[in-house]
Amino acid sequence: MATLADPAFARQPHPAPVPGATRVEALRDPGFGKIFSDHMVVIDWSEAKGWHNATIGPRGPIALDPAAAVLHYAQEIFEGLKAYRTADGGTALFRPQANAARFNRSAARLAMPDLPEALFIGAIKELVATDREWFPPVDGGSLYLRPFMFASEAFLGVRPAREYKFVVIASPAGNYFKSGAPAVSIWVSSDYTRAAPGGTGAAKCGGNYAASLVPQAEAIARGHDQVVFLDAAEHRWIEELGGMNLFFVMADGSVITPPLGGTILPGITRDSLIDLMHDEGLTVREERYGIDQWRADAASGALVETFACGTAAVVTAVGKVAGHDGEFTIGAGTPGQLTQKLRSRLVAIQRGEAPDPHGWVVRLD
Ligand SMILES: *Cc1c(COP(=O)(O)O)cnc(C)c1O
């Protein structure tokens with residue numbers, strides 16, 4: 001199958017980029033996922049040609065046949081990573097190889113073609129270099145990158161499609177949680193689950209998110225920030241939030257996080273924090289933790305902190321937990337010591353303000 005050995009991107013000039021003054025104004029308070037940079041990368045895949053037509057050009061609508069398979073059977077996967085401005089004025093990515101590898105694991109689960117790492121990372125580098133004026137100058141700001149792949153073949157039969165598009169867009173980001181709240185309140189969903197054994201819970205696919213929207217909206221309607229899902233079989237074991245992994249910090253200094261096993265998304269932030277905790281000499285146990293235990297440990301003081309993590313919001317303290325059985329508070333309901341320490345350690349590494357002992361940061365210039 002033909003592949004692009006050395007990614008060479010055709011450049012389509014932008015006829016009308018956003019005027020500088022408008023861009024500067026938009027970057028003052030970018031929020032999350034609301035504004036977009038000028039360009040995008042598109043690469044096509046077909047059975048006959050493999051990956052071809054790699055282009056970087058103006059960001060804009062994509063023409064699709066109404067029978068495109070993605071619109072009917074949701075054959076779609078995505079990634080999320082950030083480019084950072086470093087302390088010395090350069091730009092850097094955080095563990096993009098890990099995103100490339102996970103993208104291909106998601107692709108395999110959704111019966112989609114493998115994308116060479118060089119193309120995945122090459123596309124991102126191309127876009128960041130082209131849209132480097134789009135980094136927000138705000139504190140905690142970054143350029144959020146959204147690579148995704150979808151089935152573009154026009155065919156209504158049910159089988160893996162024979163044509164795909166890989167696209168990367170960029171969105172300047174400030175802080176993820178609108179409120180900027182120091183600790184979030186979460187709602188335990190007992191009516192819905194996110195992932196079942198044998199399903200797609202470990203794949204980063206749009207379909208998982210579609211299924212989480214009703215429980216997430218329920219959490220918001222009840223006055224909470226996020227929904228937390230329990231396992232599908234026993235409705236007892238804590239899995240993760242709609243888009244973030246969870247950690248539980250015990251008074252004895254040990255830390256628990258739900259084990260990966262097909263129903264949890266293997267977060268790169270999760271993986272990095274486990275390494276940082278090991279660096280601190282902490283014991284991290286990847287084992288199941290039940291909702292009743294969580295409540296009991298929070299009440300007895302055996303549990304002192306809970307935090308959620310993911311690329312978008314980095315590390316976020318969980319202050320309050322509510323469900324059909326009532327609610328409970330974690331610690332003082334404010335971000336705990338380890339939560340704050342891990343957040344600042346990770347952010348400092350990502351921004352090139354602290355040494356990078358694990359070799360996670362990929363400098364772009
Ligand atoms: C992306 C995602 C995460 C976090 O993964 P990171 O690599 O840390 O950003 C956690 N859970 C779900 C469901 C996700 O989609």
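Visitor: So, how far is a polar side-chain atom of Thr-269 from an oxygen atom of the ligand?
Guide: That distance is 2.6 Å. Keep in mind that this is a predicted model.

Visitor: And how much of the ligand's accessible area does the protein cover?
Guide: The ligand has 380 Å² of accessible area on its own, and the protein covers 97% of that.

Visitor: Which residues come nearest to the ligand?
Guide: There are 15 residues around the ligand, and the nearest are Lys-204, Tyr-209, Glu-240, Thr-269 and Thr-311. Tyr-209 has a polar side-chain atom 2.5 Å from a ligand oxygen. For Lys-204, an N or O atom of the side chain sits 2.7 Å from an oxygen atom of the ligand.

Visitor: OK, salt bridges next. How many are there?
Guide: The count comes to 20 salt bridges. One of them pairs Glu-126 with Arg-11, with the closest N and O atoms 2.9 Å apart. That pair links distant parts of the chain, 115 residues apart: Glu-126 is in helix α4 (residues 117-130) and Arg-11 is in strand β1 (residues 10-11).

Visitor: Is Arg-11 buried or exposed?
Guide: Arg-11 is exposed, at 52% relative accessibility. Glu-126 counts as partly exposed, because its value is 22%.

Visitor: What does Glu-280 pair with?
Guide: Its side chain meets that of Lys-341 in a salt bridge, 2.8 Å from N to O. Glu-280 lies in the loop between α6 (268-279) and β14 (284-286) and Lys-341 in helix α8 (residues 337-350), so the bridge ties together parts 61 residues apart in sequence. Glu-280 is partly exposed at 31%, and Lys-341 is partly exposed too, with 41%.

Visitor: And which residue does Arg-285 bridge to?
Guide: Arg-285 bridges to Glu-287, with 3.1 Å between the closest N and O atoms. Arg-285 is partly exposed, with a relative accessible area of 30%, and Glu-287 is partly exposed at 33%. There's also a network of salt bridges that links Glu-234, Arg-236 and Arg-288.

Visitor: Switching topic: where does Ser-189 lie?
Guide: Ser-189 is in strand β9 (residues 183-189). Its relative accessible area is 0%, so Ser-189 counts as buried.

Visitor: What does Ser-189 touch?
Guide: Leaving out residues up to four places away in sequence, Ser-189 touches Pro-215, Glu-218, Val-227, Val-228, Phe-229 and Leu-230. The Ser-189 side chain also reaches the backbone nitrogen of Tyr-192, at 3.3 Å.

Visitor: Now Thr-55. Why does Thr-55 count as buried?
Guide: Thr-55 has a relative accessible area of 19%, and buried means under 20%. Thr-55 is found in strand β3 (residues 50-58). Apart from residues up to four places away in sequence, its contacts are Phe-9, Ala-10, Gln-12, Met-40, Val-41 and Val-42.

Visitor: Last one, the surface. Which residues make the nonpolar patch of about 240 Å²?
Guide: That patch is made by Ile-62, Leu-64 and Leu-71. Leu-71 sits in helix α2 (residues 70-73) and is exposed, with a relative accessible area of 52%.

Notes. Residues numbered from 1 in each chain as written. Predicted model: local features only at pLDDT ≥ 70, side-chain atom pairs only at ≥ 80, totals over all residues. Heavy atoms only, no water. Patch = residues over 30% accessible without salt bridge, like charges linked within 9 Å, V, L, I, M, F, W, Y side chains within 5 Å. Areas by Shrake-Rupley, 256 points an atom, 1.4 Å probe, with all protein chains shown as cover. Salt bridge = Lys/Arg side-chain N within 4 Å of Asp/Glu carboxyl O. Helix = DSSP H or I, 4+ residues; strand = E, 2+ residues; numbered from the N terminus. Buried < 20%, exposed > 50% of the residue type's maximum accessible area, 1.4 Å probe, protein only. Contact = heavy atoms within 4.5 Å. Near = heavy atom within 4 Å. Polar contact = N/O pair within 3.5 Å; in protein donor to acceptor, adjacent residues only side chain to side chain.
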